Amino acid sequence: MGTFTYSDLIALDLDRLSTAVTDWKTMAGSLATLQTDARDGLLKKSEGAR
């Protein structure tokens, strides 16, 4: 890969990066919800089964 010039950097399309950041934020939120559901739901059920 060659050297980037100032013009290359100015013309760089960051839409794909923005989309990736948004997707990762959504995924992190979903994982946090899943963690809470597992902790509050499944853990309580397993403790109650003892």
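Modeller: Happy to! Let me begin with Asp40, which is partly exposed because its relative accessible area is 38%, a value that lies between the 20% and 50% cut-offs. Please keep in mind that this is a predicted model. The side chain of Asp40 meets that of Arg39 in a salt bridge, with 3.7 Å from N to O. Arg39 counts as partly exposed too, at 42% relative accessibility. As background, side chains of opposite charge can pair when their charged atoms come close. The structure holds one salt bridge, and the pair of Asp40 and Arg39 forms it.

Now to the helix around this pair. Helix 2 runs over 15-49, and it has a kink of about 30° centred on Ala38. How does the span of helix 2 agree with its 35 residues? At 1.5 Å a residue, helix 2 should span 51 Å, and its end C-alpha atoms are 50 Å apart, so the two values agree.

Further back along helix 2 you will find Ser30 and Ala28. Ser30 is partly exposed, since its relative accessibility is 41%. Ala28 also counts as partly exposed, with a relative accessible area of 47%. Both can be set against residues earlier in the chain. Ser30 and Leu9 are 21 residues apart in sequence, and their C-alpha atoms lie 34 Å apart in space. For Ala28 and Thr5, which are 23 residues apart along the chain, the C-alpha separation is 35 Å.

Leu9 brings us to the other end of the story. Together with Phe4, Leu12, Leu14, Leu17 and Val21, Leu9 forms a nonpolar patch on the surface, and these residues have about 590 Å² of accessible area together. One of them, Leu14, sits in the loop between helix 1 (6-10) and helix 2. Leu14 counts as partly exposed because its relative accessibility is 48%.

Finally, let us step back to the chain as a whole. The protein chain has two helices and zero strands. Along its principal axes, the C-alpha trace spans about 65 × 20 × 10 Å. The radius of gyration is 21 Å, whereas a compact globule of 50 residues would have one near 10 Å. The accessible surface of the chain comes to about 4,800 Å², of which 62% belongs to carbon and sulfur atoms.

Technical notes
Residues numbered from 1 in each chain as written. Predicted model: local features only at pLDDT ≥ 70, side-chain atom pairs only at ≥ 80, totals over all residues. Heavy atoms only, no water. Patch = residues over 30% accessible without salt bridge, like charges linked within 9 Å, V, L, I, M, F, W, Y side chains within 5 Å. Areas by Shrake-Rupley, 256 points an atom, 1.4 Å probe, with all protein chains shown as cover. Salt bridge = Lys/Arg side-chain N within 4 Å of Asp/Glu carboxyl O. Helix = DSSP H or I, 4+ residues; strand = E, 2+ residues; numbered from the N terminus. Buried < 20%, exposed > 50% of the residue type's maximum accessible area, 1.4 Å probe, protein only. Expected span 1.5 Å × (residues − 1). Bend = angle between axes of the 7 residues up to and from the residue. Rg over C-alpha atoms; globule rule 2.2 N^0.38 Å.
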